[in-house]
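Me: I would like to learn how to read a few features of a structure, one at a time. Please give the general idea before the case.

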Amino acid sequence: MTEEYDVEFVEREDRKARFLVRGVTPAFANGIRRAMIADVPTMAIDTVRFVENSSVMFDEQLALRLGLVPLTTPPEGEFTEDDTVTLSIDVEGPATAYSGDLVSSDDLVQPADENVPIIELKDDQRLEAEADAVLNRGKDHAKHQGGVAVGYRHLQRVEVGDDVPEFEEQERRIVRGVIEEDGELVPTSEFDHDLTNRYPGKEVRVEDVPNAFVFHVETDGSFTVDELVTRAVDSIEARAIELEEAVQL
Amino acid sequence: MMVPVRCFTCGNVVGEHWEEFKARARDGDEDPAEVLDDLGVERYCCRRMLVSHTDLVDVVSPYQ
């Protein structure tokens with residue numbers, strides 16, 4: 001892209017962020033979104049070997065639950081897609097087995113959330129299993145999907161017009177997302193998503209700002225939002241380079 | 001049977017909030033909507049996962 005682009009954060013936390021990107025085409029914005037969902041590799045349990053399972057759920061049900069637990073994903077380059085990390089779990093009833101009971105063979109790969117109940121065990125029930133976690137992409141299984149509820153909206157600009165006729169009832173004007181006002185970004189939640197709260201008694205016109213998108217990104221805890229977005233963009237770049245090399249004469 | 005680990009629709013991890021939700025809204029007398037807001041379960045797809053869940057382990061365990 002020849003145009004200059006610009007990124008500005010509206011909201012920024014470890015696992016959740018909203019940011020504005022200017023100067024990208026709708027196609028590229030959608031490309032980033034899709035890469036965040038399907039093309040960023042994350043760690044997840046893929047194979048489980050049960051030593052003992054006398055709980056009320058079947059082996060395969062527990063294996064699915066273990067697979068869905070998010071694991072922290074090591075920095076890029078530490079692991080390749082063929083490497084495995086072994087995690088083990090051993091809980092004896094009466095107790096509840098939590099994701100935090102998984103013991104990992106690698107400090108870089110740990111359960112991101114410790115409080116996910118895996119199975120409730122009654123008296124004399126026991127769960128002992130060994131699991132292999134692998135690096136894979138959201139394309140192959142939703143458990144490898146690092147980005148959750150990733151989406152974007154156009155940045156919107158509000159033009160304030162004339163006064164509403166005196167005796168006319170004013171209708172609510174609902175807008176969701178972020179609006180731009182004199183270069184300042186205002187999340188619509190500040191005025192309850194209703195423009196008549198912000199500009200009472202005024203006619204308003206809302207229009208999209210061309211090539212400006214407000215992304216909303218959350219992660220499942222595998223990495224921070226920053227990591228997710230940069231890895232998604234890196235994956236687009238890597239594929240673009242690959243394509244360029246492939247079509248060269 | 002056990003609470004789903006993730007939301008079926010968006011993939012957010014909801015399982016980790018179950019025990020607190022259960023203690024405060026089911027067994028306690030707090031308003032479920034407020035508890036969910038407090039836990040940061042915002043979207044209605046994730047909220048229904050917790051609101052509509054029933055633990056069945058106690059029901060099936062006698063039939064092992």
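This is a predicted model: local features need pLDDT of at least 70, side-chain atom pairs count only at pLDDT 80 or more; totals for chains, interfaces and linings use all residues.

Reply: Residues are numbered from 1 along each chain as its sequence is written, chains are lettered from A and ligands numbered from 1 in the order in which they are written, and side-chain values use heavy atoms, with hydrogens and water left out.

Me: How many helices and strands does chain B have?

Reply: Helices (H or I, at least four residues) and strands (E, at least two) are DSSP runs, numbered from the N terminus. Chain B has four helices and zero strands, in the order α-α-α-α along the sequence. Its C-alpha trace spans about 40 × 30 × 15 Å along the principal axes.

Me: What share of the residues in chain B is buried?

Reply: Buried means under 20% relative accessible area, exposed over 50%, and partly exposed in between (1.4 Å probe, protein chains only). Of the 64 residues in chain B, 45% are buried.

Me: Which percentage of the contacts in chain B joins residues at least 24 apart?

Reply: A contact means heavy atoms within 4.5 Å. Among contacts in chain B between residues at least 6 apart in sequence, the figure is 57%.

Me: Which residues form the patch of negative charge on the surface?

Reply: Patches are made of residues with over 30% relative accessible area and no salt bridge, with like charges joined within 9 Å and nonpolar side chains (Val, Leu, Ile, Met, Phe, Trp, Tyr) within 5 Å. Accessible areas come from the Shrake-Rupley method with a 1.4 Å probe, and for residues only the protein chains shown count as cover. A salt bridge is a side-chain nitrogen of Lys or Arg within 4 Å of a carboxyl oxygen of Asp or Glu. Lys and Arg count as positive and Asp and Glu as negative, while His and the chain ends are not counted; each charge is placed at NZ of Lys, CZ of Arg, CG of Asp or CD of Glu. Here the patch gathers A:Asp162, A:Glu168, A:Glu169, A:Glu171 and A:Glu203.

Me: Where is A:Glu169, and is A:Glu169 buried or exposed?

Reply: A:Glu169 sits in the loop between strand E9 (147-163) and strand E10 (178-181) of chain A. With a relative accessible area of 74%, A:Glu169 is exposed.

Me: What is phi of A:Ala149?

Reply: Phi of A:Ala149 is near 50°, a positive value in a residue other than glycine. A:Ala149 belongs to strand E9 of chain A and is partly exposed at 25% relative accessibility. A:His193, also not a glycine, has a positive phi of about 60°.
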